[in-house]
Amino acid sequence: NLMIIEYLDPVSPNTDKKLYVPAVGALKDKRIGFLTNGWDSYNAMGARIEAVFREEHGIRELKRYAIPTSCAPPEGLLDQVVAECDAAIVGMAN
C-alpha cells in the first residue's frame with residue numbers, strides 16, 4: 001500500500017508585495033472580534049485583552065467567535081466577523 005502525505009503550505013499565494021492592510025487606529029467605540037480555538041490559556045488572555053481594551057481604549061464590544069482547533073473555520077464565519085467587527089484578534093494558544 002502506498003501512503004500519501006499531504007503538506008499544507010501556510011504561505012500566502014499573493015506575490016504582490018504592495019499588499020497593504022490599513023491600521024485599525026483608535027479603538028474607541030470599535031467592535032473587536034476575538035477568534036478562539038477554545039484553549040484555556042488563550043481564553044484567559046482574551047479576558048485580559050478585553051479588560052485593557054475596555055478600560056484604556058474604550059472599545060464598544062469584544063465579540064467572541066469559536067473556531068476549530070485543527071481545521072479551517074466554518075464556511076461564512078470570517079465573512080460574519082468582517083460584517084460585525086471593525087478589527088479582529090486571531091491566535092492560537094497551543
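Of the contacts in the protein with a separation of 6 or more, 69% join residues 24 or more positions apart, a contact being heavy atoms within 4.5 Å. The model is predicted, so local features need pLDDT of at least 70 and side-chain atom pairs count only at pLDDT 80 or more, while totals for chains, interfaces and linings use all residues. Residues are numbered from 1 along each chain as its sequence is written, and side-chain values use heavy atoms, with hydrogens and water left out.

The chain follows the pattern β-α-β-α-β, with two helices and three strands (DSSP runs numbered from the N terminus: helices, H or I, of at least four residues; strands, E, of at least two). Of the 94 residues, 23% are buried, that is, under 20% relative accessible area with a 1.4 Å probe, protein chains only.

The largest nonpolar core has nine residues: Leu27, Ile32, Phe34, Tyr42, Val52, Phe53, Ile59, Leu62 and Ala87. Such a core is a set of buried Ala, Val, Leu, Ile, Met, Phe, Trp, Tyr and Cys residues joined through side-chain atoms within 4.5 Å. Both β1 (31-36) and α1 (40-57) supply at least two residues of this core, and α1 gives the largest share, three residues. A second, separate core of six residues includes Leu35, Tyr65, Ile67 and Cys85.

Leucine 62 touches Ile32, Phe34, Gly46, Glu50 and Arg54, leaving out residues up to four places away in sequence. Glutamate 50 lies in helix α1 and counts as buried because its relative accessibility is 15%. Beyond its neighbours within four places in sequence, glutamate 50 contacts Leu62 and Arg64.

Notes: Buried < 20%, exposed > 50% of the residue type's maximum accessible area, 1.4 Å probe, protein only.
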